[in-house]
Amino acid sequence: AVTTVEGIGSTKSRLHPVQERISKSHGSQCGFCTPGIVMSMYTLLRNQPDPTLTWTRGRVGPTGHFKGGDTVSPNCSLFQQVTLSPSLFNPEEFMPLDPTQEPIFPPELLRLKDVPQKQLRFEGERVTWIQASTLTELLDLKAQCPEAKLVVGNTEIGESGGCPAACPGPCVPSVFPGISFGASCPLSSVEKILHEAVDKLPAYKTEVFKGVLEQLRWFAGIQVKSVAVSPCSGALKAQGKRLFVTRPGAEGISLKTQQASNFSGEYFSAFKQASRREDDIAKVTCGMRVLFQPGTAQVKELALCYGGMADRTISIGALSHHVLSGSSWNEGLLQAVCAGLAEELHLSPDAPGGMVDFRRTLTLSFFFKFYLTVLQKLGKGNVENVSVGVGAKYRLSEVPEGQSEEDMVGRPLPHLASAMQASGEAVYCDDIPRYENELSLRLVTSTKAHAKITSIDISEAQTVPGFVCFISAEDVPGSNKTGILNDETVFAKDEVTCVGHIIGAVVTDTPEHAQRAAQGVKITYEELPAIITIKDAINNNSYHGSELKIGKGDLTKGFSEADNVVSGEVHIGGQEHFYLETHCTIAVPKGEQGEMELFVSTQNTMKTQSFVANMLGVPANRILVRVKRIGGGFGGKETRSTVVSTAVALAAYKTGRPVRCMLDRDEDMLITGGRHPFLAKYKVGFMKDGKVVALKVEHYSNAGNTMDLSQSIMERALLHMDNCYKIPNILGTGRLCKTNLSSNTAFRGFGGPQAMLIAEYWMSEVALTCGLPAEEVRRKNLYKEGDLTHFNQKLEAFTLSRCWDECLASSQYHARRSEIDKFNEENCWKKRGLCIIPTKFGISFGIPFLNQSGALIHVYTDGSVLLTHGGMEMGQGLHTKMIQVASRALKIPISKIYISETSTNTVPNTSPTAASVSTDLNGQAVYEACQTILKRLEPFKKKNPSGTWEEWVSLTGSLSLLHFETNSGNPFHYFSYGVACSEVEIDCLTGDHKNLRTDIVMDVGSSLNPAIDIGQVEGAFVQGLGLFTLEELHYSPEGSLHTRGPSTYKIPAFGSIPIEFSVSLLRDCPNKKAIYASKAVGEPPLFLAASIFFAIKDAIHAARAKNPDCKMEKLFRLDSPATPEKIRNACVDQFTTLCVTGVPENCKPWSVRV
């Protein structure tokens, strides 16, 4: 039986207690992933209605955060043990959990367990799926169809074909001392049985079981483990697992594996290192077993098995025999094994997966960890292991005393759609029911980075059932030119300039047929030279536009007066938006004079409307664009959503029928671009006391094949190159590298985070060079109230110093600095780092005319109000805040106000929902519209002063108003400020790191809604954590993206969040330049995650300080993101020096840094 989120509760009847809690305690933002999180919690409670904290942690993750699948949104408010301000919500109002009210398991299904199992057969157009009922039946089927695939578990999609047969074999536990598992035994059952064994058997007999359990702990969430059957192959091979096989003819079918218990004097460990600790595929994994001669430390057997070092699990047998011969477990054996591993485990420089030196070093590091672990168990050593508690704290301003209970401004009102999101009722674009004659579209894209198109053959596609048509540039009735600067095409014609360039699209009756038809379109190319990386572009002088430049003071004089000058380079990698809802459009032709209605997941209704109208050759007034809500955007749907919308609109125009397209994740990642990678070349001059006197930075961004918003992004980068520091002599330049990659685009922060990371990078090198505490050097260089920036904007209401001092105090910075220094002295292979980082983020669109918005208010005769404004709801709580603004302005309860959608026929010519200004602009427009409404009501109020809102409104007949609001002036209307202090712990042997604690103090003015604002601070921080420490895009030298989905591209998981996470909103700091004294909050906190990056850098510095070869080199390069590979390689030691791989001149690496 399958229970969905709709089956446990709804807003129409009653919410389930889990749905109610996640809704009222602000646990849902965009809401697209909320049903999955609700069902994870619900499942946990169905399995254990009254869970203890220990039991919960075992199923929620080692750091107390819920372990979901790979696609956990980085901006979700998370399920964790928290200490909340009592004003955020009242837990006493929650419904109690009553297990007796849960749906029962259907009795008719229960009866089936006593009925003999029958074969199930599903016939498709091309594939037959068979579920065998007995082993004999399966073997017969396999003999009949030897090429058929056996599918069991299948939690990840791989290559498949032929005639698959699925076999759910039973779990077959045997008596101890060994345990046998059936071939299809789910990992959740394996885990349960091994836990029982560990509890019952003596410790020495369960070494293997504990090793396997440790691997399963990090393998995946309970949902995946309930169907997954993949074993820990390296671990099993090392412990000598037995594999029993039945052979039907020449084909072997694994029936069961047997895991033996241990002998006395036998020790076993398993290790894994991945890009992300939780739910990730290992880069290198291993199992290690040693058996000693009875009663001695003399090695009798040593087995080492590695995964990730070849195309199969490999056993290091020859090495083991070579070093044994009565060896003791001592440093001599350690050195011999490490030298042998370095010699035996080779990887070619172009090995698939890359990270060659890192992977080779891990093989040695893992053995060293095993060596230390066994040493400890023999009573001869100590293994560092530190556990930390769990918790989050929030501090916010309370509403002023005497504020009316009905005035909701400043109160933590839950997101108004959160209950619908928690119950699965919230409608997203693809949830709109299919039209009766609707068609499906699939894009056909280039497989070459730069090439001429020589032919397009659609004959194979035409044979697919349900095929309707193929559309291309030839079908465009208007202009095929599109893009923000008109430098793009709707469909490529004659030439493609990136992998993923849209050439055409197929239109069929179903999405499945569209996918097959798209694969049937055969395109031939004549390849042209391609430019992929920033360095390629610099070498080939390939740029969009001319150089951008900003400067102040006398740079020559500044450098000549400086006591020290440091120069260097730093690279910041790109980032995929990974909104949970991919790009989606439904286009419905209306049949009259070019009219068309589009339902789109976009942040930009105006550009969607104008681009479609331009492509179809009709006036914009014939195109209606509607947006209910979007499942995350982060800037990725500001301009790039139009590449899908224009194609879908053309298909609807050509066929005269509704057409729908929702991109698969791999398509979305390939086609739509992301955050711009940056390369910076810096030179900084400073005095002995750390005071910076001169700075020059050359910024290069990888813009991709078109301009899009790259120039505005670079302009913002140059305006933020100072971060929070006053530099008297400064020069910044920027170039937009024109490459053959998909055009990069807007992303939360819009160039600011890259520029500010560069600023903090050279600032950390200033502190290291001077030998002064980093926080002291940063504080010395901070701006003060009334200072002028390098672009001559005066800093007013400058609250950064308050944020800094509060963060130092609340984080107990100086006491913890001493504790960390002591920890680092006492621990050799684990190091901790601490860093405090400020941010100053300018608020406004860079293009002045975009700083405008509109609001339309309808007041109906029953007193209800329909509010429409120019902003899109994408999880940031914009609609909720707008209703709060209108409620205060009109002095009516929020229950009387409703926002249905955003559309181009209600508020025209809107700016995109971006740049963190949507609350400021739309809020002011809503306020002004409300004031005009109130003025029109004045005569009726005078006639009946004691009347009600409903009575006054009923006398007016009709009351509507459209109002536009604009801002102009300095580059920025005002600045948002914040400070974060973070502590991390790194594993010097593997490059792993743990985020132990973060304290944030954020100035959001007088918050309109502190609960939503805290959620935005948390979400931005975690997304920044992904940018600076985790998320890494890999491209082939030919410009093809390797990382096209959650299996290869890792966003933060729940366990990535700092174990202790405190967010404080600065009190008593009203902002006179925005609605009700509030401030923007969407983008500014993202950069504060750089405190994690620089805490890691601080920890690496401590690790390098113990190495005599590194002591003289205080400065070392650490590019962003600080992945385990970069951390491990920076912690130079005897293992890294053994694993340096030479790269021949003509070697083509697996991936290149773009």
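This is a predicted model: local features need pLDDT of at least 70, side-chain atom pairs count only at pLDDT 80 or more; totals for chains, interfaces and linings use all residues.
**View 1. Helix 29 meets helix 30.** Here we're looking at residues 1010-1029 (helix 29) and residues 1090-1105 (helix 30), whose axes come within 8 Å and cross at roughly 40 degrees. From helix 29, the contact takes in Phe1021, Phe1028 and Thr1029. Helix 30 brings Ala1090, Ser1091, Ile1092, Phe1093 and Ile1096. Sort the residues of this contact by class and you get six nonpolar, two polar and no charged ones.

**View 2. Glu1083, annotated as "active site" in UniProt.** The annotation comes from an unreviewed entry. Glu1083 sits in the loop between strand 38 (1060-1065) and helix 30. Its relative accessible area is 8%, so Glu1083 counts as buried. Leaving out residues up to four places away in sequence, Glu1083 touches Phe747, Arg748, Gly749 and Phe750, along with Phe841, Ala915 and Ser916. One of these, Gly749, has its backbone nitrogen 2.7 Å from the side chain of Glu1083.

**View 3. His879 and the residues it touches.** His879 belongs to helix 26, which covers residues 878-890. With a relative accessible area of 11%, His879 is buried too. Side chain to side chain, His879 makes a polar contact with His869 at 3.0 Å. Setting aside neighbours within four places in sequence, His879 is also in contact with Lys628, Gly871, Glu873, Ile899 and Thr902.

How values were computed
Residues are numbered from 1 along each chain as its sequence is written. Side-chain values use heavy atoms; hydrogens and water are left out. Axes are lines fitted to C-alpha atoms, for helices over the stretch in contact, and angles run from 0 to 180 degrees between N-to-C directions. Helices (H or I, at least four residues) and strands (E, at least two) are DSSP runs, numbered from the N terminus. Contact means heavy atoms within 4.5 Å. Ala, Val, Leu, Ile, Met, Phe, Trp, Tyr, Cys and Pro count as nonpolar, Asp, Glu, Lys and Arg as charged, and the others, Gly among them, as polar. UniProt positions are given in the numbering used here, feature names are shortened, and annotations may be inferred rather than shown by experiment. Buried means under 20% relative accessible area, exposed over 50%, partly exposed in between (1.4 Å probe, protein chains only). A polar contact is a pair of N or O atoms within 3.5 Å; within protein, one must be able to donate a hydrogen and the other to accept it, and residues adjacent in sequence count only if both atoms are side-chain atoms.
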